[in-house]
Amino acid sequence: MYEKYIDIIIPFADSLKELEVTINSLLSQGGYINNVFIISSGINKKELKDKIANKFSFHQKSFKLKVIEDPKSNNTPGSARNEGIKNASLTKSPYIGFIDSSMSVVDDWLSSFYASKNKLKLRIGSTKYLPTPGQQLISALISYGTKYSNNTVPGTIIKKDICKFFPESIRWGEDLIWMQNYKKYFNKRPTYSCQYTFFKKSIFETYSKFIDQINEVTKSKSQYRKIIYLQALFIFNFYLFLIIISNLFNYKLSIVIFFLYQIFRFIKKNNFIYFFKIEGLLSIPIIASLDFIRIFLVIRSLI
């Protein structure tokens with residue numbers, strides 16, 4: 001009876017509008033969903049818990065919607081997801097599905113999973129980014145990018161008996177650490193993606209989020225901190241290399257190398273067509289400025 005049932009876990013911190021997009025997309029999933037656990041966290045988690053319960057009460061006919069307050073005083077995405085995993089472990093549903101508030105899933109997200117001839121224990125999610133033109137597009141170009149992310153926690157479906165808990169002590173990078181437990185399941189190309197559209201509408205907000213992320217990660221002892229340090233070291237050596245090239249040979253050569261490197265970075269995360277749009281051209285110097293901010297913040301953390 002419960003073989004095709006799944007529990008969905010949604011961490012939630014602020015926008016009811018964004019959550020509504022996610023809940024509405026789950027309505028297209030047929031009768032596969034048993035419970036939807038919305039984990040209310042953040043500063044106003046008690047107030048938000050009541051608002052969520054009232055706003056989405058009518059969805060109870062489609063699935064059991066349960067709003068749970070993250071009991072941790074220092075809420076993180078990891079602690080919210082873990083609270084969802086703990087509650088899901090008490091149900092008879094054999095699977096857990098992860099989706100983030102502000103994301104929507106494709107109509108056949110669940111039906112395609114259960115239609116598979118071989119019963120899977122895990123299917124890693126993929127995410128497609130759909131920013132609107134203007135500052136949202138610039139925010140996307142300098143952060144997540146505009147291509148598919150082949151392997152993401154949002155969109156992931158996993159059998160409960162192999163689902164591990166997320167790191168709770170960090171606010172960023174916990175998903176990357178969690179995913180390392182399941183590298184053999186990684187996708188080589190996007191599959192049954194979820195979609196993300198709510199990018200920051202202000203470039204300054206994106207700057208602020210970037211700075212907060214680097215500061216918090218460098219203070220932690222997570223594996224993600226090592227990644228940040230290695231990235232900063234590579235970037236520092238690259239710009240040092242450009243200075244040496246400029247002094248020993250020709251500054252024009254160093255400028256050419258700089259732009260070729262920035263173009264390579266751009267097309268690695270973004271569709272090439274965006275390079276010919278005004279947002280793409282503006283993103284190049286912004287990405288370079290973020291490099292220097294990263295180096296400065298990492299060096300400051302070591303002093």
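This is a predicted model: local features need pLDDT of at least 70, side-chain atom pairs count only at pLDDT 80 or more; totals for chains, interfaces and linings use all residues.
1. Overall build. The protein chain is made of 10 helices and eight strands. Its radius of gyration comes out at 21 Å, close to the 19 Å from the globule rule for 303 residues, so the chain is as compact as a globular protein of that length. Along the principal axes, the C-alpha trace spans about 75 × 40 × 35 Å.

2. Of the 303 residues, 48% count as buried. If you take contacts between residues at least 6 apart in sequence, 79% of them join residues at least 24 apart.

3. Helix 7. This one runs over residues 203-219, and its 17 residues reach 25 Å from first C-alpha to last, close to the expected 24 Å. At its start, a side-chain oxygen of Ser 202 comes to within 3.2 Å of the backbone nitrogen of Phe 204. The buried residues of helix 7 include Ile 203, Phe 210, Ile 214 and Val 217, but also Gln 213 and Asn 215. Among the elements covering them are helix 5 (135-142), helix 8 (223-248) and helix 10 (278-302).

4. Glu 174 and Arg 81. The model has six salt bridges by the rule used here. In one of them, the side chains of Glu 174 and Arg 81 meet at 2.9 Å, N to O. Glu 174 sits in helix 6 (residues 174-179) and Arg 81 in helix 3 (residues 77-88), so this pair ties together parts 93 residues apart in sequence. Both ends are buried: Glu 174 has 5% relative accessibility, and Arg 81 has 4%. Worth a look in the viewer: Arg 81, Asp 100 and Glu 174 are linked in a salt-bridge network.

5. Arg 171 and Glu 216. Here the closest N and O atoms are 3.7 Å apart. Arg 171 belongs to the loop between strand 7 (149-159) and helix 6, while Glu 216 is in helix 7, so the bridge ties together parts 45 residues apart in sequence. Arg 171 is partly exposed, at 29% relative accessible area, and Glu 216 is partly exposed at 29%.

6. Arg 265 and Asp 291. These side chains form a salt bridge at 2.7 Å, N to O. With Arg 265 in helix 9 (residues 251-269) and Asp 291 in helix 10, the pair ties together parts that are 26 residues apart in sequence.

Key. Residues are numbered from 1 along each chain as its sequence is written. Side-chain values use heavy atoms; hydrogens and water are left out. Helices (H or I, at least four residues) and strands (E, at least two) are DSSP runs, numbered from the N terminus. The expected span of a helix is 1.5 Å times one less than its number of residues. Buried means under 20% relative accessible area, exposed over 50%, partly exposed in between (1.4 Å probe, protein chains only). Contact means heavy atoms within 4.5 Å. A polar contact is a pair of N or O atoms within 3.5 Å; within protein, one must be able to donate a hydrogen and the other to accept it, and residues adjacent in sequence count only if both atoms are side-chain atoms. The radius of gyration is taken over C-alpha atoms; the globule rule is 2.2 Å times the number of residues to the power 0.38. A salt bridge is a side-chain nitrogen of Lys or Arg within 4 Å of a carboxyl oxygen of Asp or Glu.
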